[in-house]
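The entries follow the order in which I checked them.

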Amino acid sequence: MLNGASRVLVTGAAGFVGRHVLCKLAESGKLDVLGVGRGAVSNLPARVKFFPLDLGNQADLRSQLADFQPTHILHLAAQASVGRAADEAAATWKSNVVDLFHFVEALLATVISTTFIFISSSEVYGRAFLSGEPLTEDAALEPVGSYARTKRVGEEMLADIFAGGRIRLIVLRPFNHIGPNQDERFVVASFAAQIARIEAGLVPPRLETGNLDARRDFLDVRDVARAYSNIIERSNFIEHGAVFNVASGIPRTICSVLQDLRCMARVQFEVVKAPDRQRPSEVLTARGDSERLRKSTGWSPSIAWEQTLSDTLAAARRSYGMDG
């Protein structure tokens, strides 16, 4: 049962994570859920609505907030690609900081009280990962790059604005999440889509890669959505300003991920390194400790790694008209 939660607003709801979150929140059957964001969402579950909204549109934003009066806000809206952020720094700062500030302005003007759950990122730890150890929420924040810096600024800005006020803040720092229908800008989705195109005979049997040596802490997006739902469920028992990692605690090399997908492929292919896919990083291993989340909500990853990859590849195949 979701304690005290009756109306949940999800920003960025048309995105990869947002769609999974809407479905997960609908499972309780006790929540009214409103998703907002750019784009559209079809086949909505019962008690879930979607309103197309640019967070920069203050009039529509304030109208939706005033009418819905959310008891909880899950703020997913952001420029989420680290690679794209590096190429579009100004747009990233606008999306992740300026638009966030305008959203908070509208919130303070229209909503009596709420719990604001800010989806930050494990990227805020940055160079702290050089220790090689799994990081807890108490690790120093040493962000590298526009995406990571905007997320850290977002955390600090919200902590200042909501200090001592009527809005409770909870910050989540998810690690790399993957799963069906993710954008190809992300490495596992790119591998799956390339394999599907090769299997469909659309391209030569050659898969392009970037750096295969990095070790990352991957999670199934459906486990991530469940973590967010659990936080909402337990939010009455979580103190203002609390921070939680959402992590598997298992670092995997990109090379091993590719090998696992290769074993699932229906055809053989060559692997080649592509210069335009190389994103240099001094962080060899990024691994998180989510013990605090487990103790507070009982959450832990439940979807098997092989299932995650199989479902991701199946979704990629279906997008090219093949049987998953």
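Working with a predicted model, I began with R47, which counts as partly exposed because its relative accessibility is 41%. I then looked up D32, and at 33% relative accessibility D32 counts as partly exposed too. The side chains of these residues, R47 and D32, meet in a salt bridge, with 3.1 Å from N to O. I noted that this pair links distant parts of the chain, since R47 lies in the loop between strand 2 (32–37) and strand 3 (48–52), whereas D32 belongs to strand 2, 15 residues apart.

I found a salt bridge between the side chains of E184 and R197, at 3.0 Å from N to O.

Entry 3, a pair inside one helix. I recorded a salt bridge of 2.8 Å, N to O, between the side chains of R226 and D223. Both residues belong to helix 7 (residues 221–234), and because they are 3 residues apart there, about one helical turn separates R226 from D223. I also noted that R226 and D223 are both buried.

I wrote down a network in which E137, D138 and R292 are joined by salt bridges that share partners. How many salt bridges does a search of the whole structure find? The search returns 16.

I turned to the axes of helix 6 and helix 10 (residues 305–319), which come within 8 Å and cross at roughly 50 degrees. That angle makes helix 6 oblique to helix 10, and I noted the crossing of helix 6 and helix 10 as right-handed. From helix 6 the contact is made by V188, A192, A193, I195, A196 and E199, and from helix 10 by L309, T312, L313, A316 and R317. Sorting the residues of this contact by class, I have 8 nonpolar, 1 polar and 2 charged.

Methods
Residues numbered from 1 in each chain as written. Predicted model: local features only at pLDDT ≥ 70, side-chain atom pairs only at ≥ 80, totals over all residues. Heavy atoms only, no water. Salt bridge = Lys/Arg side-chain N within 4 Å of Asp/Glu carboxyl O. Helix = DSSP H or I, 4+ residues; strand = E, 2+ residues; numbered from the N terminus. Buried < 20%, exposed > 50% of the residue type's maximum accessible area, 1.4 Å probe, protein only. Axes fitted to C-alpha atoms, helices over the stretch in contact; angles between N-to-C directions. Parallel < 35°, antiparallel > 145°, perpendicular 65-115°, else oblique. Left-handed = near helix turned anticlockwise from the far one by under 90°. Contact = heavy atoms within 4.5 Å. Nonpolar A, V, L, I, M, F, W, Y, C, P; charged D, E, K, R; others polar.
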